[in-house]
Amino acid sequence: MDETLAGAGAAPLIAALDSASPDRAANRGSVRASIDWDAVRDKVAHRSADLEATFAGRGPWADAVLARRAEELAEVPQRDDEAGTGTPMLVARGAETLYGLELRHLGHIVPMPRLARVPGAPPAILGVIAVAGKVMRLFDLDSLCSGTHASAVIDRPGHAGYAIVLRTGTGRPAALRLHEVERVADIVLPRTSVPAEAGPLVRAITADRMAILDMAALLDLVKT
């Protein structure tokens, strides 16, 4: 008997159990008869309406999400120095100045490639170079910050410092020439104001006389 029921599937098994217990069969019939299908359909319709309102940005759940998002946006973000953590920067040296450049704005760092000079170029542009198959202008960072003419550069690769490719997005590709690349470090910005003579590209000056560059202003300058 067990083998017959197991081989026949679920429906014969339920029927066999019902026939073995007349009271149970009667109860099953009364349960089926007592279901209010109109109420079931109304409940399903209400749930569907609630889901549609949620996905459309309406309803209590959506209102709660929007309220929480508004609270997050209203919070004042901590500055790096207030949070006790620094900003990841490349520490590199020009002819006489130590610079701090935010890493997120930098691409490749390569030994100085072969330089092609451009007649009539602005004083801060040393010429053009090719890095990773892309031709770009090479700026002398010392000249950009001081406003003076670019320092002399040896045209042979590997003898004139490094080229640091900037992330310019959709702007014109550009790179900076620096004499030495020292390290990567988390730098906490000082709260002291910057002297006017530091120039518009210097955001802060640290206790060890490192000039932290204003990368947004620098990128705006080289992308034009």
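Visitor: Happy to start with His-105: is this residue buried or exposed?
Guide: Keep in mind that this is a predicted model. The relative accessible area of His-105 is 14%, and a residue is called buried when that value is under 20%. His-105 is therefore buried.

Visitor: Which residues is His-105 in contact with, leaving aside neighbours within four places in sequence?
Guide: First, its place in the chain: His-105 sits in the loop that runs between strand S2 (98-102) and strand S3 (106-111). With the neighbours within four places in sequence set aside, the contacts of His-105 are Leu-166, Arg-167, Met-215 and Leu-219.

Visitor: What is the make-up of the protein chain in helices and strands?
Guide: Let's take the chain as a whole. It has 224 residues, and 30% of them are buried. Of the contacts with a separation of 6 or more, 56% join residues 24 or more positions apart. As for the elements, the chain has 8 helices and 10 strands.

Visitor: Which strands stand at the edges of the open sheet of 5 strands?
Guide: The order in this sheet is S8-S1-S2-S10-S9, and the pairing is mixed. An edge strand has a single partner strand, so one of its sides is left without a neighbour in the sheet. The strands placed like that are S8 (180-187) and S9 (202-205).

Visitor: In which sense, parallel or antiparallel, does S10 pair with S9, and in which with S2?
Guide: Strands of a sheet can pair either way, through backbone hydrogen bonds. Ile-212 in S10 is a handy landmark: Ala-204 stands opposite Ile-212, and Gly-100 stands opposite Ile-212 as well. S10 (residues 210-213) and S9 pair over 3 bridges in the antiparallel sense. S2 and S10 also have 3 bridges, and their sense is parallel.

Visitor: Which residues of S10 point the opposite way from Met-210 and Ile-212?
Guide: In a regular strand, side chains alternate between the two faces of the sheet. In S10, Met-210 and Ile-212 share one direction, and the residues on both sides are buried. Those pointing the other way are Ala-211 and Leu-213.

Visitor: Which residue takes a positive phi in the hairpin of S9 and S10?
Guide: This hairpin has 4 residues between its strands. The phi in question is near 65°, and the residue that takes it is Arg-209.

Visitor: Which element gives the most to the lining of the largest pocket?
Guide: The largest pocket has a volume of about 400 Å³. It is lined by 15 residues, and those closest to its centre are Glu-96, Thr-97, Tyr-99, Arg-209 and Ala-211. At least two lining residues come from each of S2, helix H7 (141-146) and S9. With 3 residues, the element that gives the most is H7.

Visitor: How many nonpolar, polar and charged residues line the second largest pocket?
Guide: This pocket has a volume of about 190 Å³. Its lining has 15 residues, with Lys-134, Met-136, Val-165, Leu-166 and Pro-173 nearest the centre. S3, strand S5 (134-140) and strand S6 (162-166) each supply at least two of the lining residues. By class, the lining has 7 nonpolar, 5 polar and 3 charged.

Visitor: Why does Pro-195 count as partly exposed?
Guide: Pro-195 is in the loop between S8 and S9. Partly exposed covers values between the buried limit, under 20%, and the exposed limit, over 50%. Pro-195 counts as partly exposed because its relative accessibility is 37%.

How values were computed: Residues numbered from 1 in each chain as written. Predicted model: local features only at pLDDT ≥ 70, side-chain atom pairs only at ≥ 80, totals over all residues. Heavy atoms only, no water. Buried < 20%, exposed > 50% of the residue type's maximum accessible area, 1.4 Å probe, protein only. Contact = heavy atoms within 4.5 Å. Pairing = 2+ DSSP bridges. 1 Å grid on protein atoms, 1.4 Å probe; cavity = no way out; pocket = protein on both sides within 12 Å on 5 of 7 lines; lining within 4 Å. Points joined across faces, edges and corners; volume = space filled by probe spheres on them. Nonpolar A, V, L, I, M, F, W, Y, C, P; charged D, E, K, R; others polar.
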